[in-house]
Amino acid sequence: TDEDVKACFLPDILVNVHTAGLDSEVGVIRDVSLLSNANILPMCYFCRDGMCKVSLGASDEGDTIMVTPSELKIVRPRKNDHVKILGGSYLGFTGKLVGIDGLDAIVKIEDNIDIKILALAIVATFVQP
């Protein structure tokens with residue numbers, strides 16, 4: 001079920017960046033790469049063993065840095081935010097967060113009339129590229 005799914009890092013989501021020796025800073029993931037055999041391979045949805053290219057600032061206006069997933073934390077979306085789903089059968093879909101009920105997110109999926117109840121942990125604020 002979607003409740004048991006771990007969140008993946010995807011491009012165009014809002015994150016907090018925690019780098020050693022610096023204050024936490026908000027940013028937007030713009031690219032995800034997997035390190036493999038000394039090559040950087042593009043990876044569409046998961047970077048646990050790779051790197052994420054993050055543009056600092058909530059609106060993607062700051063410097064661009066490369067960070068490991070361990071330095072990132074997904075920013076919890078608020079009601080009415082445009083969101084991206086980071087796991088489960090709706091991985092990569094976008095929609096509108098119409099409500100929060102405890103640890104559940106109530107999301108209206110974009111491009112259809114489906115409303116889904118998903119684990120809040122796999123829903124992130126979407127920042128239009």
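The structure holds zero disulfides, a disulfide being a pair of cysteine sulfur atoms within 2.5 Å. This is a predicted model: local features need pLDDT of at least 70, side-chain atom pairs count only at pLDDT 80 or more, and totals for chains, interfaces and linings use all residues. Residues are numbered from 1 along each chain as its sequence is written, and side-chain values use heavy atoms, without hydrogens or water.

**Cysteines**
- Cys8 is buried, at 10% relative accessible area (buried is under 20%, exposed over 50%, partly exposed in between; 1.4 Å probe, protein chains only).
- Cys52 is also buried, at 0% relative accessibility.

**Nonpolar cores**
- The largest nonpolar core has 14 residues (buried Ala, Val, Leu, Ile, Met, Phe, Trp, Tyr and Cys residues joined through side-chain atoms within 4.5 Å).
- Val15, Val17, Ile29, Cys52, Val54 and Leu72 touch the most other members of this core.
- At least two core residues come from each of strands E1 (14-17), E2 (25-36) and E4 (50-56) (strands are DSSP runs of E, at least two residues, numbered from the N terminus).
- E4 gives the most to this core, with three residues.
- A second, separate core has 12 residues, including Tyr90, Ile109, Ala119 and Ile122.

**Aromatic pair**
- The structure holds one aromatic pair (Phe, Tyr and Trp rings, six-membered for Trp, with centres within 6.5 Å; planes under 30 degrees apart are stacked, over 60 edge-to-face, the rest tilted).
- Tyr90 and Phe93 form this pair, edge-to-face, at 5.3 Å centre to centre and 80 degrees between the planes.
- Tyr90 is buried at 18% relative accessibility, whereas Phe93 is partly exposed at 37%.

Technical notes. Helix = DSSP H or I, 4+ residues; strand = E, 2+ residues; numbered from the N terminus.
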